[in-house]
Amino acid sequence: MKAKYAGILSAVLGSICCIGPLLLIALGLGAGAAVIGRYHWFFVVAAIAVLAWAWVKHFREQSRCACEHRAMDGRAISLLTLIIASTIVLGFAALNISSNLFAGSPPPSARSASSNLQRTVIPVEGMTCATCEIAVRSALKKIDGVEAAHVSVATKTATVDYEPAKTNPEQLVASINSTGYRASLPNK
């Protein structure tokens, strides 16, 4: 396999754990997002390993051509492909690491004088990256009566403002569980 193709493969591996679930959610197959999420770090580590192998292959080919006093075929496109692949892999790895390290706090309650909103914090297991947050938030916002939903992979929680006349915590948990993640009723 040529170095540029290995670089492309590494970019695909590095992005599949983020782009794959988004595509599944768009297709209405949100439960598949959790399956990909379970193997999240496998994809990131595999992408880094394939990328390292691609760079080694590129430099070996370059050295071999230098020894033979000939130009390396496709050197510029190979180098450009590897630089782009490196940016993609490192960008997705950084996105995943930062979403685990830096928890955003939920916004202030959306309560107004005329509304009767309640807030609940639901523990959610199985989330590993920012894409997991999107899947859970999307499922919650489809429920009639949900005013706001803040999901955090770092704290493994979903904070939901909802109208108790239209929905309840049991429905919220069922909606999250339908995505493939494991939610449980909050402790009172």
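Modeller: Quick ground rule before we start: contact means heavy atoms within 4.5 Å. And keep in mind that this is a predicted model.

Colleague: Fine. What does methionine 127 touch, leaving out residues up to four places away in sequence?

Modeller: Going by that cut-off, methionine 127 touches Cys132, Glu133, Val136, Val151, Ser152, Val153, Lys156, Thr157 and Tyr181.

Colleague: And where is methionine 127 found?

Modeller: Methionine 127 sits in the loop between strand S1 (118-125) and helix H5 (130-141).

Colleague: Why is methionine 127 called buried?

Modeller: Buried means under 20% relative accessible area. Methionine 127 has 1%, so it counts as buried.

Colleague: On to the sheet. What is the order of its strands?

Modeller: It's an open sheet of four strands, ordered S2-S3-S1-S4, with antiparallel pairing. Strand S2 (146-152) and strand S4 (182-183) are the edge strands, since each pairs on one side only.

Colleague: How do you know that S1 and S4 pair?

Modeller: Pairing takes at least two bridges between the strands. S1 and S4 run antiparallel and are joined by two bridges, so they qualify as a pair. As for who meets whom, valine 124 has alanine 183 in S4 as its bridge partner.

Colleague: Which helices pack on the sheet?

Modeller: H5 does, touching S1, S2 and strand S3 (157-162), and its direction makes about 165° with that of S2. Helix H6 (residues 169-178) packs on the sheet too, touching S1, S2, S3 and S4. The direction of H6 makes about 30° with that of S1.

Terms used:
Residues are numbered from 1 along each chain as its sequence is written. This is a predicted model: local features need pLDDT of at least 70, side-chain atom pairs count only at pLDDT 80 or more; totals for chains, interfaces and linings use all residues. Side-chain values use heavy atoms; hydrogens and water are left out. Buried means under 20% relative accessible area, exposed over 50%, partly exposed in between (1.4 Å probe, protein chains only). Axes are lines fitted to C-alpha atoms, for helices over the stretch in contact, and angles run from 0 to 180 degrees between N-to-C directions.
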